[in-house]
Amino acid sequence: AVVSPQSTGESNLCLDDLQRLDDDKGDKQAGVYWCHNQGGSQFFIFSKDFEIVALRKNDYCLDNSNYSPGATLEWYPCHKMGGNQQWAYDVKTRQLKHVPSGNCLDVANAKAKDPVVLNHCDGSSTQEWEF
């Protein structure tokens, strides 16, 4: 399914690749930006392998290898082996959970162009996402 994850806890912020996938040499950190409803950097595929894949450059998946709270995420080449790239969405709580760490995608105190992070799932509104 094609998705555009929008935070319900921080006004009008969406998951965004921040155009960082355009530069093969640069930083691939994932972040948030004002929702613009134009697709591109804010459209992703939630794959059958439970990956969040960048639609504009579909060989990159949302990845995290640091399971500590506050850890940032990056776009990394998709490997289809789950692990650091495996995600689950809970329809009831609206949380996007990083399966191996058990932590949730969080935008606490974030503003446009800030990194998106993983934190312990605590039910806060900054961990709620809608598509």
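Q: Which residues is Gln-127 in contact with, leaving aside its neighbours within four places in sequence?
A: This is a predicted model, and in it Gln-127 is in contact with Arg-94, Gln-95, Leu-96, Cys-104, Leu-105, Asp-106, Asn-119, His-120, Cys-121 and Asp-122.

Q: OK, and is Gln-127 buried or exposed?
A: Gln-127 counts as buried because its relative accessibility is 0%, and the cut-off for buried is under 20%.

Q: Where in the chain does Gln-127 lie?
A: Gln-127 lies in a loop, the one between strand S13 (117-120) and strand S14 (129-130).

Q: What does the side chain of Gln-127 make a polar contact with?
A: It pairs with the side chain of Asp-106, at 3.1 Å. The side chain of Gln-127 also reaches the backbone oxygen of His-120, at 2.9 Å.

Q: What about the phi of Arg-94?
A: The phi of Arg-94 is positive, about 65°, although Arg-94 is not a glycine.

Q: Why point that out?
A: Because most residues other than glycine have a negative phi.

Q: Which other residue has a positive phi although it is not a glycine?
A: Asn-37 is one, with a phi of about 55°. Asn-37 is found in the loop between strand S4 (31-34) and strand S5 (44-46). Asn-37 counts as exposed, since its relative accessibility is 74%.

Q: What does Ser-41 touch, not counting residues up to four places away in sequence?
A: Ser-41 touches Leu-15, Asp-16, Asp-17, Leu-18, Gln-19, His-36 and Arg-56. With one of them, Asp-16, there is a polar contact from side chain to side chain at 3.1 Å.

Q: How many residues apart in sequence are Ser-41 and Leu-55?
A: They are 14 residues apart in sequence, and their C-alpha atoms are 7.9 Å apart in space.

Q: Switching to another serine: which strand is Ser-7 found in?
A: Ser-7 is found in strand S2, residues 6-7. Ser-7 counts as buried, at 3% relative accessibility.

Q: And what is Ser-7 in contact with, leaving aside its neighbours within four places in sequence?
A: Ser-7 is in contact with Leu-13, Val-107, Thr-126, Glu-128 and Trp-129. From Ser-7 to Arg-94 the separation is 87 residues in sequence, and 9.5 Å in space from C-alpha to C-alpha.

Q: Zooming out, how many helices and strands are there in the protein?
A: There are 14 strands and zero helices.

Q: Why is the protein called as compact as a globular protein of that length?
A: Because its radius of gyration is 13 Å, close to the 14 Å that the globule rule gives for 131 residues. The C-alpha trace spans about 35 × 30 × 25 Å along its principal axes.

Q: What percentage of the residues count as buried?
A: Of the 131 residues, 42% count as buried. The protein exposes about 6,600 Å², with 49% of that supplied by carbon and sulfur atoms.

Q: Last one: how many positive and negative side chains does the protein have?
A: It has 12 positive and 18 negative side chains, and the centres of the two sets lie 2 Å apart.

Conventions: Residues numbered from 1 in each chain as written. Predicted model: local features only at pLDDT ≥ 70, side-chain atom pairs only at ≥ 80, totals over all residues. Heavy atoms only, no water. Helix = DSSP H or I, 4+ residues; strand = E, 2+ residues; numbered from the N terminus. Rg over C-alpha atoms; globule rule 2.2 N^0.38 Å. Buried < 20%, exposed > 50% of the residue type's maximum accessible area, 1.4 Å probe, protein only. Areas by Shrake-Rupley, 256 points an atom, 1.4 Å probe, with all protein chains shown as cover. Lys, Arg positive; Asp, Glu negative; His and termini not counted. Charge placed at Lys NZ, Arg CZ, Asp CG, Glu CD. Polar contact = N/O pair within 3.5 Å; in protein donor to acceptor, adjacent residues only side chain to side chain. Contact = heavy atoms within 4.5 Å.
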